[in-house]
Amino acid sequence: MNTQTDTKIVQTAGRDSLGTFAPMFAHLNDDVLFGEVWNENVITLKTKCIITVVSLMASGVTDSSLTYHLENARAHGVTKEEIAAIITHVTMYVGWPKGWAVFRLAKDVWNEKEPTDADTAELNTVMTEKEQYQNSIFFPIGDTNDAYAAYFTGQSYLAPISTEQVPVFHVTFEPGCRNHWHIHHAKSGGGQMLLCVGGRGTYQEWGKDAVEMTQGSVINIPAGVKHWHGAAPDSWFSHLAIEVPGTETETEWCEPVSAEEYK
C-alpha cells in the first residue's frame, strides 16, 4: 500500500507481502527506496515519477509495477500530453515494441482506449521492413556493407561497435542474404565469435550440418575452419562479429554458398 501525507510517500507493500518471508527486502523496499529515496527533496516527486517510468520502460518491465508507477505519475501531475510525449521520446531510444506496450498501459491509466491490432497494422504499413526490424533490435543496423559486397549474396549492413582493444562489428543480413564460404587464418590465436542479437539465421562449417541461430545464440569459430553464415530465407538476421586476437590474422574468402547448400 502507498499513501501520501503532506506529499510524503509512505509505502507498506514490502511488509504487507514479504514482511515475514523476506524482512530485509521489505525493509529496503518500504523504508529505504520509498521511505528515503522517494522522499529526498532535491528533485520533485513528479520528476521522480517520470524517471521511474522511463527506467522501467527501458528495462522492458510492462507488468503491474509499471502500471502502479504510471498511476503515481498521473497522481503527481503528469498530464496525458506529457506522458504521451515522454513515451514517444523514449521509444526512439529503446524500441517500438516497448513503446506500444507502455502506451497500452498509459492509455488505460489516463482513461483512453488502447491501440488495436488495426492501429498497429496501420503503423507498420508506413514503416519499411528495415525500419520495423531496426525497432526490434538494440544495435544500429548501420550502412550498406559496400566494402564486402563482393563476398555476400544479397544485401548486408555493417555497423562498427568497437574498433579498439577487441574489434566488434554488428552485421545485419536481409532475408536470404548470406556471406561466402570463408576462413579466418592466424599463425596463433585468432578466429571469430558470433553472437546473434536479432532475427533468425544459419551457421555452417565445411562438412558439417547447418546450425540455426536465434537471439542469444553464440558460435565460436576457431581459426582455420571454413564456414559461412547468413539469414534465413524468410527472416532478417543480425549478429555481433567479435574478432579473437591473434598473430598474422587474415580472412580468406572462398566460393559463394550454392542454392543447394543454402537450403
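These are my notebook entries on side-chain contacts in a predicted model.

**Ground rules.** I number residues from 1 along each chain as its sequence is written. Because the model is predicted, I take local features only at pLDDT of at least 70 and side-chain atom pairs only at pLDDT 80 or more, while totals for chains, interfaces and linings use all residues, and side-chain values use heavy atoms, with hydrogens and water left out.

**Entry: Asn179.** I looked up where Asn179 sits and found it in strand S7, residues 178–179. Strands here are DSSP runs of E, at least two residues, numbered from the N terminus, and helices are runs of H or I, at least four residues. Is Asn179 buried or exposed? Asn179 is buried, because its relative accessibility is 2%. The cut-offs are under 20% relative accessible area for buried, over 50% for exposed, and partly exposed in between, with a 1.4 Å probe and protein chains only.

I then checked what the Asn179 side chain reaches, and found the backbone nitrogen of His229 at 2.9 Å. Leaving out residues up to four places away in sequence, I listed the residues that Asn179 touches; among them are Phe152, Phe173 and Trp253. Contact means heavy atoms within 4.5 Å.

**Entry: aromatic rings.** Those three residues also belong to one aromatic cluster, together with Tyr148, Tyr151 and Phe237. Rings of Phe, Tyr and Trp (its six-membered ring) pair if their centres lie within 6.5 Å; planes under 30 degrees apart are stacked, over 60 edge-to-face, and the rest tilted. I noted 11 aromatic pairs by this rule.

Phe152 and Phe173 make a tilted pair, with 5.8 Å from centre to centre and 40° between the planes. Phe152 is in strand S4 (152–153) and Phe173 in strand S6 (168–173), so this pair ties together parts 21 residues apart in sequence. Both residues are buried.

The pair of Phe152 with Trp253 is also listed as tilted, because the planes stand at 45°, with the centres 6.4 Å apart. Trp253 is in strand S16 (250–253) and Phe152 in S4, so here the parts tied together are 101 residues apart. Phe152 has a relative accessible area of 11% and is therefore buried. Trp253, at 24%, is partly exposed.

**Entry: charges over rings.** I looked for NZ of Lys or CZ of Arg within 6 Å of a ring centre and within 35 degrees of the ring normal. The charged end of Arg178 sits over the ring of Tyr262, 4.1 Å from its centre. Lys226 lies over the face of Trp206, 3.9 Å from the ring centre.

**Entry: salt bridges.** A salt bridge needs a side-chain nitrogen of Lys or Arg within 4 Å of a carboxyl oxygen of Asp or Glu. How many are there by this rule? The count is 7 salt bridges.

Glu40 bridges to Lys48, and their closest N and O atoms are 3.8 Å apart. Glu40 is partly exposed at 33%, whereas Lys48 is buried at 8%.

Glu248 and Lys187 form a salt bridge at 3.9 Å, N to O. Glu248 is in the loop between strands S15 and S16, and Lys187 in the loop between strands S8 and S9, 61 residues apart. Glu248 is exposed at 60%, and Lys187 is exposed at 63%.

Glu212 meets Arg200 at 3.8 Å, N to O. Glu212 is in strand S11 and Arg200 in strand S10, 12 residues apart. Glu212 is exposed at 53%, but Arg200 is partly exposed at 28%.

Methods:
A polar contact is a pair of N or O atoms within 3.5 Å; within protein, one must be able to donate a hydrogen and the other to accept it, and residues adjacent in sequence count only if both atoms are side-chain atoms.
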